Structure formats: C-alpha cells, structure tokens
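Hello,

Here is the structure we talked about.

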Amino acid sequence: MVRYRRTPAWRWGGAECDLCSTPITFVINEATGRRIPVNVLPDGAGNVAAMKIGNNLHGYVLSKARPVIAPGYRSYMPHAATCPDRPRPKPAPKRPESQQLGLFDPPDNHHRTENDT
Ligand SMILES: [Zn+2]
C-alpha cells in the first residue's frame, strides 16, 4: 500500500516521480492532449512552454514549428531530462546492415526456392 505517496500532491495537480520522488507536475500538450511530466519549478533551460489555465498547465514542446516561448508562457524542464533514477533511454541500436545482409541468404531468393518447388 503506497497510497500516501499520491495524496497531497494530486490535490494541486502535481505528483511525484515514481523513481526519484521528486515533485513533478504535468503540462497538457495543446497539440496532443498528452500530459508531459515536468519539474515543478519553471526552468529557463527546459523545452516545454506552459501557461497555467485554471488548475492545469497547458503548453507545447518547443520545436521547429514553435521554437520560442510565447508571451504568457513559461519554460519548464521535462522531468525525464533530469530524473537521476530514470534509466537512460538506450541509444538506437546500431544496425550493421551490411554485415547482417551478409549473414543470411537474400530473403527473396530464399522464399522463391521454398515456394516454387
Ligand atoms: Zn524522477
């Protein structure tokens, strides 16, 4: 029973990181409706722009389409970027494509010989 972890924080729309217990809050992505976990305090280095509307933060992730923090918005840091306990996303596995192709018969040939006989 770990109920207590989610109580007071949830009342004000915040939460804690499951991994490091840092208080976090969510920015509702204006484009997708998804909630982006961010650090509670605005952070000029963050790439999430958010504006408080009612009890929620609404905003967007800076991108080529919207590269600046619009007036009235503040920048927040996605918690994932700073969470000390979060497993780092593994870099995309490098595919030694040329090697892999060399290990197997070209798939096309393989198929044909099995089906056509
Ligand atoms: Zn964390």
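Start in the loop between β5 (56–61) and β6 (74–76), where you will find Ala70. Keep in mind that this is a predicted model. Is Ala70 buried or exposed? Ala70 has 10 other C-beta atoms within 10 Å. The cut-off for exposed is 12 or fewer, so Ala70 counts as exposed.

Now the overall layout. The protein has four helices and six strands. From the N terminus, the order is α-β-β-β-β-β-β-α-α-α. The protein has 117 residues, and 15% of them count as buried. Take the contacts between residues at least 6 apart in sequence: 52% of these join residues at least 24 apart.

Next, the core. In soluble globular proteins, nonpolar side chains tend to be buried together. The largest nonpolar core here has twelve residues. They are Ile24, Val27, Ile36, Val38, Val48, Ala49, Ala50, Leu57, Tyr60, Ile69, Tyr73 and Tyr76. At least two residues each come from β2 (23–29), β3 (35–39), β4 (48–53) and β5. Which strand gives the most? That is β4, with three residues.

Leaving aside residues up to four places away in sequence, Ala50 touches Val27, Leu57, His58, Gly59, Tyr73, Arg74 and Tyr76.

Best wishes

Methods:
Residues are numbered from 1 along each chain as its sequence is written. This is a predicted model: local features need pLDDT of at least 70, side-chain atom pairs count only at pLDDT 80 or more; totals for chains, interfaces and linings use all residues. A residue is buried if 20 or more other C-beta atoms lie within 10 Å of its own, exposed if 12 or fewer, and partly exposed in between; C-beta atoms are placed from the backbone. Two residues are in contact if their C-beta atoms, placed from the backbone, lie within 7 Å. A nonpolar core is a set of buried Ala, Val, Leu, Ile, Met, Phe, Trp, Tyr and Cys residues joined through C-beta atoms within 7 Å.
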